[in-house]
There are 2 protein chains.
Amino acid sequence: MKKKSIKDIAQELGYSKTTVSFVLNNKGDEKNISKKTQEKILAYVREVNYQPNQIAKSLKKGKTNTIGYLVPDISNPFYAKIGRLIEDLLADKGYHLIIGSTDETQEKEDLLLNMFVNRQVDGLILASSFENLGMLNTLTSQRFPMVFFDREHPDFLGNYILVENKKAMKNAVQKVIQQGAKKIGLLSITPNVYSLKLRIDGYREALSDSNIHIEDRLIRIVDNNNLKESTKAQLQYLMEEQVDAVVFTNNQITAQAIWAMNIFHKEKIENVKFVSFDNLDLFDYSKPKVTSVAQPIEKIANYTVDILEEVMNEKERISKRIVLEPKLIERL
Amino acid sequence: MKKKSIKDIAQELGYSKTTVSFVLNNKGDEKNISKKTQEKILAYVREVNYQPNQIAKSLKKGKTNTIGYLVPDISNPFYAKIGRLIEDLLADKGYHLIIGSTDETQEKEDLLLNMFVNRQVDGLILASSFENLGMLNTLTSQRFPMVFFDREHPDFLGNYILVENKKAMKNAVQKVIQQGAKKIGLLSITPNVYSLKLRIDGYREALSDSNIHIEDRLIRIVDNNNLKESTKAQLQYLMEEQVDAVVFTNNQITAQAIWAMNIFHKEKIENVKFVSFDNLDLFDYSKPKVTSVAQPIEKIANYTVDILEEVMNEKERISKRIVLEPKLIERL
DNA sequence: TCGATTTAGTAAAACGGTTTAGTAAAAATA
DNA sequence: TATTTTTACTAAACCGTTTTACTAAATCGA
């Protein structure tokens with residue numbers, strides 16, 4: 001039994017497609033369809049459980065009620081949680097989420113971006129790697145509704161929901177310095193991402209403000225494609241260097257490092273302090289102690305959706321930049 | 001500047017829509033379009049960066065290349081990880097994922113199911129709560145391509161990718177019994193979900209096989225809407241009951257309970273053993289020790305996608321049931 | 001009672017592609 | 001040279017909606 005279309009309904013009831021469509025869209029009164037007819041159509045529609053084809057609707061209306069959610073990795077708890085919040089907020093407004101993970105590569109990002117646009121998503125929410133601005137500039141010039149979060153690029157003007165990366169990181173690192181840390185290492189994934197670079201800058205500023213010499217060899221980059229092994233190896237290096245604190249630019253590395261510390265460097269676990277960007281519940285009790293910068297994910301989700309809605313409704317171009325205050329959670 | 005359509009391209013080049021469409025779909029040779037024309041069209045298309053409207057394509061072809069991914073909560077690491085794996089596998093085949101979180105409620109599930117179907121997804125991957133089979137039965141009778149994972153229902157015949165819930169849980173619980181645990185509590189979210197019930201059954205069987213009296217008051221249900229507080233409260237109860245082991249039916253509760261133990265019951269932490277369904281990295285080092293049943297998520301993702309593809313291609317109805325062996329990770 | 005208005009609907013175009021069923025001209029064959 | 005085949009292309013229908021522009025009949029107002 002094939003799915004019924006408006007045409008079928010109309011034929012079976014002896015009305016025109018137009019009439020049926022009007023009734024289904026609650027325009028019956030406005031369009032002078034008699035009460036009797038309206039009821040007849042609605043009853044029948046209910047009886048046969050007619051379901052409108054959204055694709056056809058989208059084609060005609062030029063609106064899909066779909067939003068693209070493009071992040072480095074949807075299974076990263078940070079992006080997963082924000083994704084979930086956004087999903088719920090958008091669902092209330094009748095939108096749904098189509099997802100894409102970029103693995104921080106421009107290739108995948110461009111591929112997905114193209115895919116989203118071809119699928120006529122009504123808007124995009126992105127944590128872009130900003131490796132190459134080409135595609136994003138094109139979309140901007142077409143006034144494609146986009147809101148960026150978590151990541152930024154100094155040469156790209158768009159709608160941003162961010163936190164004060166540099167300042168927050170600096171603050172956090174200063175705390176462990178105040179506690180006596182002198183030799184402080186840092187682990188980060190690709191520093192080509194500007195927001196991560198800012199976090200590293202925050203670390204640098206904290207050290208130099210306290211007259212601690214910055215040793216570049218203590219700034220280690222882990223391989224994003226092999227996070228577990230690579231974090232283990234780089235942490236090993238820092239442990240051999242006898243650092244008394246390690247700073248991490250995101251929560252995934254921190255979680256991996258906590259794991260590695262507990263498995264391979266148990267003896268040093270009380271003598272090392274961690275500093276993490278992004279919080280995780282487990283930091284509340286895990287060793288080493290982790291001082292973390294907690295991003296306000298509910299607020300991020302709320303603002304992102306709000307601004308996206310604004311952008312989709314406005315005809316003029318707007319570029320808002322909202323910088324939220326992250327919360328410093330000291331565990332010393 | 002509005003987006004160009006095939007019609008525009010055709011007009012600007014002096015060909016018909018048909019010709020342009022043939023060339024764009026690599027049917028130029030087959031359809032006897034001259035090399036010269038093909039090159040001209042392709043060059044122009046590249047020049048103006050023409051992007052086909054997938055919605056129009058989908059409408060005509062009756063295929064959207066979109067798969068719905070319906071789970072209790074996309075931000076649950078288990079579903080997020082499997083989602084990511086599935087995303088990648090499907091991307092290779094030209095499909096993309098649209099997501100929905102049900103919060104284990106039938107209302108949301110039905111709403112999302114309807115939404116997915118109206119949006120003409122080509123198939124569905126679901127961890128259903130199976131509270132009510134109505135909608136699922138309807139879809140089955142329409143031969144809508146669906147693959148179920150993680151959750152099952154005894155009265156529903158469909159394609160399943162599962163693990164041996166009862167047996168695996170029984171096994172795991174037996175390990176802690178062998179280690180001397182005598183009073184064993186259990187924490188679960190809604191036991192209306194059959195797969196969770198099976199896990200609880202496994203716990204029951206392990207106890208009765210070892211002649212341990214099953215005390216129903218030691219089986220506590222936590223409120224899914226308030227996981228953190230509820231887990232804390234129920235754990236508190238079990239601690240007051242002086243249990244020497246606690247069994248959890250999924251990883252989210254286990255993680256919350258570890259948190260609560262570390263914050264509120266530190267003194268008992270060495271004297272209690274945990275048993276968790278689903279593994280987490282942090283179980284490798286966290287206290288209390290956690291013996292866990294690790295689901296083979298790569299295999300689950302692979303099979304799910306494989307079977308879904310089969311179902312989408314076959315015309316006859318197939319109902320496969322694949323039961324995978326989970327890995328028991330003993331940490332005693 | 002006659003023209004104007006309202007009521008209750010409909011036909012057809014449009015959205016942007018794909019596909020079927022063609023056609024006219026050129027080339028090949030007899 | 002006449003017929004057939006091949007080449008190169010196109011008109012129009014179609015997918016399932018929405019929407020514009022229309023009409024015929026009924027009702028209203030003076």
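This note sets out points on the interface, the domains and the local backbone of a predicted model.

1. Basis of the note. Local features need pLDDT of at least 70 and side-chain atom pairs count only at pLDDT 80 or more, whereas totals for chains, interfaces and linings use all residues; side-chain values use heavy atoms, with hydrogens and water left out. Residues are numbered from 1 along each chain as its sequence is written, and chains are lettered from A, and ligands numbered from 1, in the order in which they are written.

2. Extent of the interface. Contact here means heavy atoms within 4.5 Å, and 47 residues of chain A are in contact with 46 residues of chain B. The size of an interface is often given as the accessible area lost when the parts come together. Between chain A and chain B the buried area is about 4100 Å², with carbon and sulfur atoms giving 55% of that value; buried area is the accessible area (1.4 Å probe) that two parts lose on being put together, summed over both.

3. Chain A and chain B share 28 residue pairs in polar contact, both residues being at pLDDT 80 or more. A polar contact is a pair of N or O atoms within 3.5 Å; within protein, one must be able to donate a hydrogen and the other to accept it, and residues adjacent in sequence count only if both atoms are side-chain atoms.

4. Chain A side of the interface. At least two residues of the side of chain A that touches chain B come from each of helix H4 (54-61), helix H5 (77-92), strand S2 (96-101), helix H6 (106-118) and helix H11 (251-264) of chain A. Helices (H or I, at least four residues) and strands (E, at least two) are DSSP runs, numbered from the N terminus.

5. Salt bridges. There are 6 salt bridges between chain A and chain B, a salt bridge being a side-chain nitrogen of Lys or Arg within 4 Å of a carboxyl oxygen of Asp or Glu. In one of them, Asp103(A) pairs with Arg84(B), the closest N and O atoms being 2.7 Å apart. Asp103(B) and Arg84(A) also form a salt bridge, at 2.7 Å from N to O. Asp103(B) lies in the loop between S2 and helix H6 (106-118) of chain B and Arg84(A) in helix H5 of chain A, so this pair joins two chains.

6. S2(A) and strand S2 (residues 96-101) of chain B run antiparallel and are joined by 3 bridges; two strands pair if DSSP finds at least two bridges between them. Leu97(A) has Ile99(B) as its bridge partner in S2(B).

7. Domains. Chain A is divided into domain 1 (6-52), domain 2 (64-163 + 298-324) and domain 3 (165-294), with bounds from an automatic or database domain assignment. The C-alpha centres of domain 1 and domain 3 of chain A lie 63 Å apart.

8. Cis peptide bonds. Lys287(A) and Pro288(A) are joined by a cis peptide bond, with omega about -5°. Pro288(A) is in the loop between strand S9 (273-277) and strand S10 (290-294) of chain A. In chain B, the peptide bond from Lys287(B) to Pro288(B) is cis, with omega near -10°.
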